[in-house]
Structures are given as structure tokens and as C-alpha cells.
Amino acid sequence: MVVAGEVLQSGSSQELHVLAVDDSYVDRKVIEKLLKISSCQVTAVESGARALQFLGLDGEKGSVGFNGLKVNLIMTDYSMPGMTGYELLKKIKRSAAFREIPVVIMSSENILTRIDSCLEEGAEEFLVKPVKLSDIKRLMEDCVTRGETEEQEGRRVHKRKLEDDNLNSSSSSPLSSSPSTTASFGCDISIPELLSSPPHPSKRAKLHDGD
Amino acid sequence: MERNPLRRQLQMMRKSFFDQGYLDDQFVQLEELQDEANPNFVEEVVTLYYRDSSRLILSIEQALERKPFDFNKLDAYMHQFKGSSSSIGAKKVKAESTLFREYCKSGNKEGCMRCFQQLKKEYATLRKKLEAYFQLARQAGPMETACRPK
């Protein structure tokens, strides 16, 4: 059996830390196993509220979880009591600290309008439950690919910043216009375009035999 | 063909679950997650399912006795129940859950009650079968390979 970990090891030296959110105890156990087998670190919580608490988005400071591990991916069930996965998605995408974290929605119901609204709010993927190992493997490959692309983009950005600095060094006014501003890139290398990768056509078209 | 008679019996039992429609591919997915570190993963998940879902069954039973009938609440409970059942590959139980939800949506009280009786039967039957299966698996001893081809 090919393990997704092999894909991870070739691309990155770090394990991905996934925050899994599901109110079903059974589903949490399964998703945890799926992710661990794919060489991920997993934190599984039972609600959106607990997820926000873990991220430190419930009003308390801090952008890392309780154990200090940065979250690389969030996988959340859609239908949950209290806060739905959709509501959790929106909260995450509207937070400055966490909007870059890819969020994957899982749902047993293959409803096109639901899929569309999740993707519109910035969800990375919409997985139909029950989630399979092949779904996780594909996710891992996408994450690694994006990680590598971001690294390449990051190098390009740094290079551009150096060029701008050279251009500006001759000017005395700090407000002189430069061909490209570097301020927008900030300290985080986040390229918004990368987050809105097109959904896999198979997921959108897939007809689940359940509903 | 498996030489060990207990293993052969186990194999045949397992095959019957799929042939008779008690389990679907999701069960195989769970088996493929079993490894040396977690050799009893499937049994653990199934045990967890029966423990967790028994509470839902009770809630549904109570809701069916309440007047007036709250179809929305029943549907919500069944949605959860169906999700868990689907996660362990409980095919017949899942089918009854789907039917129950149809009856809820069409406001058919009689249908709900009949369907729920059938669902409980399937739920109990599967439990007995899987208990016997896991017991036999323990008797037969650890497998060489964690996952078997379909």
C-alpha cells in the first residue's frame, strides 16, 4: 500500500499539522487515523467553538494551538450543532491570522449549492463523506505542491524586494513611487491566487449513492 | 485459498457480509487503515459506533413517543445516525436511515415508526454478526497482512 507519507517526505521536511473538526466521535476517530497514516499530526476537536479556541480566535491572543504547533490545514464537517462548518470557514477566512490556512469541508450531503457557497467562501475542497484514504492522499499532494510553489513564489518576492530597494536607494524621499510596492507582501508569504485553486471536477460531479 | 481452517471460516464470514449487503466498501476502507500499530482498529471503530449510536437510538425512540411529532428533530437525529452508520460501512442500516428521513420529509408518521422498527432489527443483526466475526478473528490469531484484497 502506497502511503501518502512518501509524497510528503520528498517535498517537505515537516509533518503537516491538521486540525480536524467533527461532532461525530466515530468520524473523528476515522479521520484521525486517515491523517496519521498519511504522516500528519492531528488535533481532533468536536465543535467549531473548540476549533476557534484551539486557534486562539475566541478572543484570546496567540496564533498557535495549545501545544504550540502551527496548524497547516483545517478539515471540518459541514453539519454540526451550534456552529456549522460553513460558519467556521467564514470565521477563519475573515481572520487576518488564519485566513491563509486551507480549509476543507466534509459533508455526507452532496448538495451543489452547498458546495458552491463553501468554495465561494474560500474552502479549498469539498469532500463527500465518508472520506477515503485516496481523498486524503490527494489533499496531501495538493498541500505539498502549494507549499513548494509558495517557496518558489517567496524566493521571487524576496528577489523583487531587493531590486526595489536598489531602485529606491538613490531617492531621498521615502514616499517616492516604485514600480512595485513591497509593503503588501508583509512578513507572510501569502499569495491569494494560490488559495483559490479550482476544485477537482470529480468532487463536484460525484454523485454519492447516499443522498 | 486460506489453509488455516479458522482463517478460512473468517474469510467466508467476511465475504458473506458483503454478498448479503450488510457491509459496503467503507468497511474495506477501515480495514485498510489497520496496521501493526493498530491491529484492532476496525473492531475499535465498530465498538465506538455501537456505543455512540445507542444514545441516538434512544433519543429517536423517545422522540417517536412524544406528541406532537417533531419531524425536524427526528430528521436531525437520523442524519447523525446515518452519518456514523455510513462511516463504518453499515449498508442496510444506512439504507433504512435514508428511508426514515424520506418519511420524515413527507411527514409520514406511520412510515417513520415502521421503518424505525426495521432499522433497529438491521442494527441488532449487524451487531451480532460483527461481534461473532471479531471474536473469531481473535481466535484465528493475528493476520500476516493487515489488509486483504477485495
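A:Leu133 counts as buried, at 7% relative accessibility; buried means under 20% relative accessible area, exposed over 50% and partly exposed in between, with a 1.4 Å probe and protein chains only. This is a predicted model, in which local features need pLDDT of at least 70, side-chain atom pairs count only at pLDDT 80 or more, and totals for chains, interfaces and linings use all residues. Residues are numbered from 1 along each chain as its sequence is written, chains are lettered from A and ligands numbered from 1 in the order in which they are written, and side-chain values use heavy atoms, with hydrogens and water left out.

**Chain A**

- Chain A has 8 helices and 5 strands. Helices (H or I, at least four residues) and strands (E, at least two) are DSSP runs, numbered from the N terminus.
- The order along the sequence is α-β-α-β-α-β-α-β-α-β-α-α-α.
- Chain A has 211 residues, and 43% of them count as buried.
- Take contacts in chain A between residues at least 6 apart in sequence: 67% join residues at least 24 apart. Contact means heavy atoms within 4.5 Å.
- Accessible areas come from the Shrake-Rupley method with a 1.4 Å probe; for residues, only the protein chains shown count as cover.
- A:Leu133 sits in helix α6 of chain A.

**Chain B**

- Chain B has 6 helices and 0 strands. Its pattern along the sequence is α-α-α-α-α-α.
- The C-alpha trace of chain B spans about 60 × 30 × 20 Å along its principal axes.
- Of its 150 residues, 47% count as buried.
- In chain B, residues 24 or more positions apart account for 68% of the contacts with a separation of 6 or more.
- Chain B exposes about 8200 Å², and carbon and sulfur atoms supply 51% of that area.
- Chain B carries 26 positive and 21 negative side chains; the centres of the two sets lie 4 Å apart. Lys and Arg count as positive and Asp and Glu as negative, while His and the chain ends are not counted. The place of a charge is taken as NZ of Lys, CZ of Arg, CG of Asp or CD of Glu.
- UniProt lists residues 38-133 of chain B for "domain: HPt", in an unreviewed entry. UniProt positions are given in the numbering used here, feature names are shortened, and annotations may be inferred rather than shown by experiment.
- Over residues 38-133, chain B is 86% helix and 0% strand, and the end C-alpha atoms are 18 Å apart.

**Where the chains meet**

- In all, 26 residues of chain B are in contact with 22 residues of chain A.
- The two chains bury about 1900 Å² between them, with 59% of it on carbon and sulfur atoms. Buried area is the accessible area (1.4 Å probe) that two parts lose on being put together, summed over both.
- B:Leu33, B:Leu48 and B:His79 supply 27% of the area that chain B buries against chain A, more than any other three residues.

- B:His79 lies in helix α4. The unreviewed UniProt entry annotates B:His79 as "modified residue: Phosphohistidine".
- B:His79 is buried, with a relative accessible area of 16%. Leaving aside neighbours within four places in sequence, B:His79 contacts A:Ser79, A:Ser108, A:Glu109 and B:Arg101.
- B:Ser84 is also in helix α4, which covers residues 71-88. B:Ser84 is buried, at a relative accessible area of 6%.
- Not counting residues up to four places away in sequence, B:Ser84 touches A:Ser24, A:Val26 and B:Tyr49.

**Backbone details**

- Most residues other than glycine have a negative phi, and most peptide bonds are trans.
- A:Ser39 is not a glycine, yet has a positive phi of about 65°. A:Ser39 is in the loop between α2 (25-37) and β2 (41-45) of chain A, and is buried at 19% relative accessible area.
- A:Lys129 and A:Pro130 are joined by a cis peptide bond, with omega about 0°. A:Pro130 lies in the loop between β5 (125-128) and α6 (133-168) of chain A.
- B:Lys67 and B:Pro68 are joined by a cis peptide bond, with omega about 0°. B:Pro68 lies in the loop between α3 (41-65) and α4 of chain B.
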